Structures are given as structure tokens and as C-alpha cells.
Amino acid sequence: MINVDKFTELLEEEFEDVQKGTLKPTTNYREIPDFSSMHALIIIAFVDNEFDVLLQGKDLKEAQTFDDLYTIVKNKLA
Amino acid sequence: MITKNKIAHLNYVSYLLPSNIITNKLLAERYPEYTENQIYKNTRINKRFAVEKGLLSSDFGTQSGEKLFNECPIKKEDIDFLIFCTECPDYNGPATSCIIQHKLGLPTSIGTLDLSFGCSGYTYGLSIAKALIESGVAKNVLFITADIASTFLPANDINLNFLFGDGASASVISKKEIGQSIGNFCFGTDGSGERNLMIRNTAYREPKDEEWITNPENKGLTNGRLEMDGVDIFRFSIDKIPKLTEEILTNNDCKIEEIDLFIFHQASTIILKSLKRKLRIPDDKFFTNLAEVGNTISASIPIAFVDAHKQGKIKPNMKILIAGFGIGYSWSGTIIQTKN
């Protein structure tokens, strides 16, 4: 599996309004500018597409940062 | 050859949208915490439509049927079966299809049937129409859909109000080949999704009791309240519909590259975009008109089909994969092939 930096970088590319290099693994994903439910769906779609892992609503609720999201995906793949 | 029993044909398709246009400007006035631009950015929808208050699905469905008879060379007396799909029937009984038979002036000798399958309703209804034709029960099936989301959208659920619009359609399915042949169907059902997309307080399980009357969320609602768990619906869609697509292809002896056009239920931009990406469908083979009508529930596939036709995207000898999915959960689809 890719590392957390690459994970964050690839996910950042999915968000149209986020400038490249803005998001870090330690960023709280809910602090993306104009964060909405749409961003949560984009995260689910990205993880499904890249890792064939279908995140649940509770996974998103539990995670704070991109690092947390990465760990959840990694654990599901283990 | 894409079907094993290619004897039912989707000959005519027509649709009807109400005259009230719900623009992003209008929604931004109603929900001042959002700008027009933000509404568009969140939904990629420019406008939706809403019927006049008080119009029932039997009225809307009848109007859609009349429009088809005005536009297409088929007479009311040629129809021997009517299927009506809606999430907002006039009554629990009688069936709204009976009321439409009378309002539309169809022969009293016809059979009728109501369907309640929401966003998978069009493909479900088409499969029943095909079965009625192929079994010899009927020669010409009129299949009407009419969904009036505006009657059950709670004002406090902004996302639902941004997404859904009213729409109706009418199709004629016959043995005689005039239009598209209808292929083999695939289905899926998972009732564990019952509460993830539902119209509450519409029947026996949750009658309109005192709680309903006093709940401020129900202000302005008379026919139940739509509730949707957006995350679960999204997960369901991106999990099941690629699998459904593969099953449809297999069941019709077809490869994905042989499909000329994909018309999925116009659920939401993010769902459509994710399905397109997951199935690696090229832009020119993926039709969407969500931006101009919103999610019209059971009418979305026929509206998209007619719009694709108007835009010159449907040509002779094309294979078009159609798939509906949503409430239930339920999902279904087939391949239709245009004439040579």
C-alpha cells in the first residue's frame, strides 16, 4: 500500500477547490474549506476506487485526520 | 444478438415536466445560507421542476399519458394493459392505475398494475411490461411513471431539496417492432436498506399520529416525509451497480465495450461520476441530464433516454444499457437495442 503522504496527496487531487500541497496527513479532513457531505462521499469513492475498500459512515465519524483515514484503510486491507 | 427472446419492444417514450422551475436562485432565496453558486457546486444541478400544489400523481400521470398519445402514432384503444409507477399514490386503495385508466379514457377491458419502486421503478416496470408481452398476456402495454418529490421533501433537509425534482413519463411496450428491442433483465433486492431511503408516515407502520402533527420537521408536508442516509445510499450505489452492470452484460452475452451508451438512474452527480469512473466508461458513452432536471425518481431514465435522443446521441443499431437503483434497496436493469 502507498504511504500516508501519497494517500493524502492523491486524495487532495479529488477535491476540486483545494490547492495542491494544502493538505497534510495531520490535517483534520473536516477542515477542508467549505467542507460538506459531498467531501465525505468523495473520500468514500476514492478509497473504494483505489483500494477496493468500502468505508462506512462510522469510519468517517471516527477519523479526524487524513492519517486516521489512512490507518482505517490499512487496517481493513490487513 | 443481445437477447434470448427478443420479442418485446420499447416503441414510444415521452416525458412531462411541470411548468414551475426551481432554479438555484430560488433555492438560494429559500436557503440564504447558500449562494446560487454554492448550490450548483454542491450538486451540479441548474434546475428542477415542481408541480402546482394539490396536483396528484394520477393527474400528473394522466397528463403524461395524454402527451404521449398526442405525440406518438398509437391510439388509446390499442392499449390492453397499464402499469403505473409512483411513490405517491392517490390512495392505499384503489390502485392509482385504476384511476388513471378512467381519467385517460383507456378501455375498461384493460388490466392495470401499480408499482412502488422509486428510482429502480422504470427498469422494474419495463421488465413486467416485457413479461406481459412475451407471455402473450398483452399486446400493447402503456407504462406511466409519475413522481412528485415536492410533496414529501422536508423544508429543513437542504440536500434533498437541492437534489430532487418532479417528473413523469409514458412509454409503450409492444410485440410489434417499431422502436428498441428489450433485452434480458437482472435484479437485486436488499431490504436491510429499508430505513436508509424512505418516505415516513405514509402507511400502516407509522400512521400520521399526534407526533406527526406536532413535529416541526413536517411543516407543510401532507403526504409523508422523505428521509435519506446519503452516505449509505452512496455506498450501496457504488457497491451494487457495477456488479449489476456486469450481470446485465453477462445475461445479454455482451461485453462492456460493445455498449454504445449507458443511461443510469440520474441519482446524483457524485454517484454518476463514481459509477462512470469505476466502470471506466468513456465520456461519450455516458449520458447524464441531471443538471437540467434533478433527480426525478422513476422518471429519470425515460427523461434521460428522450433527451439523449433529442441530442442525437441515440442512433440505429445501438446497444444502450439502462439501470435503475434506490429505495428498498432495489436495483434492476437491461440492455435495449435500437433498430438497424
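A residue counts as buried under 20% relative accessible area, as exposed over 50% and as partly exposed in between, using a 1.4 Å probe and protein chains only. This is a predicted model, in which local features need pLDDT of at least 70, side-chain atom pairs count only at pLDDT 80 or more, and totals for chains, interfaces and linings use all residues. Residues are numbered from 1 along each chain as its sequence is written, chains are lettered from A and ligands numbered from 1 in the order in which they are written, and side-chain values use heavy atoms, leaving out hydrogens and water.

**Backbone details**

Let us start with that first definition at work. A:D34 counts as exposed because its relative accessibility is 59%. Its phi is positive, about 55°, although A:D34 is not a glycine. You will find A:D34 in the loop between helix 1 (4-14) and helix 2 (37-51) of chain A. Helices here are DSSP runs of H or I with at least four residues, strands are runs of E with at least two, and both are numbered from the N terminus. A:D52 is another non-glycine residue with a positive phi, near 55°. A:D52 lies in the loop between helix 2 and helix 3 (57-62) of chain A, and with a relative accessible area of 64% it is exposed.

Chain B has cis peptide bonds to look at. One runs from B:G93 to B:P94, with omega near 10°, and B:P94 sits in the loop between strand 4 (81-85) and helix 4 (96-104) of chain B. Another joins B:G328 to B:Y329, with omega near 0°; B:Y329 belongs to the loop between strand 13 (319-326) and strand 14 (330-337) of chain B.

**Where the chains meet**

The contact (heavy atoms within 4.5 Å) involves 18 residues from chain A and 16 residues from chain B. Buried area is the accessible area, with a 1.4 Å probe, that two parts lose on being put together, summed over both. For chain B and chain A this comes to about 1500 Å², with 52% of it on carbon and sulfur atoms. B:R235, B:I270 and B:R277 provide 38% of the area that chain B buries against chain A, more than any other three residues.

Side chains of opposite charge can pair when their charged atoms come close. A salt bridge here needs a side-chain nitrogen of Lys or Arg within 4 Å of a carboxyl oxygen of Asp or Glu, and five of them cross the interface of chain B and chain A. On the side of chain B that touches chain A, helix 2 (36-43), helix 8 (230-251) and helix 9 (269-278) are the elements that give two or more residues. Helix 8 of chain B gives the most, with six residues.

**Salt bridges across the model**

Over all chains the count is 22 salt bridges. Here are some of them, with the N to O distance.

| Salt bridge | Closest N to O distance |
|---|---|
| A:D17 and B:K41 | 2.5 Å |
| B:R225 and B:E227 | 2.6 Å |

A:K6 and A:E9 are separated by about one helical turn because they are three residues apart in helix 1 of chain A. A:K6 is partly exposed at 35% relative accessibility, and A:E9 is partly exposed at 30%. B:R225 is buried, with a relative accessible area of 5%, while B:E227 is partly exposed at 23%. B:R225 and B:E227 also belong to a network of salt bridges with B:R195, B:R200, B:E206 and B:E217.

**Aromatic rings**

Rings of Phe, Tyr and Trp (its six-membered ring) pair if their centres lie within 6.5 Å; planes under 30 degrees apart count as stacked, over 60 as edge-to-face and the rest as tilted. By this rule there are 15 aromatic pairs over all chains. B:Y122 and B:F143 are a stacked pair, with 5.2 Å from centre to centre and 20° between the planes. This pair links distant parts of the chain, 21 residues apart: B:Y122 is in helix 5 (residues 121-134) and B:F143 in strand 6 (residues 140-147) of chain B. B:Y122 is buried at 2% relative accessible area, and B:F143 is buried at 0%. In chain A, one aromatic cluster is formed by A:F7, A:F46, A:F51 and A:Y70.
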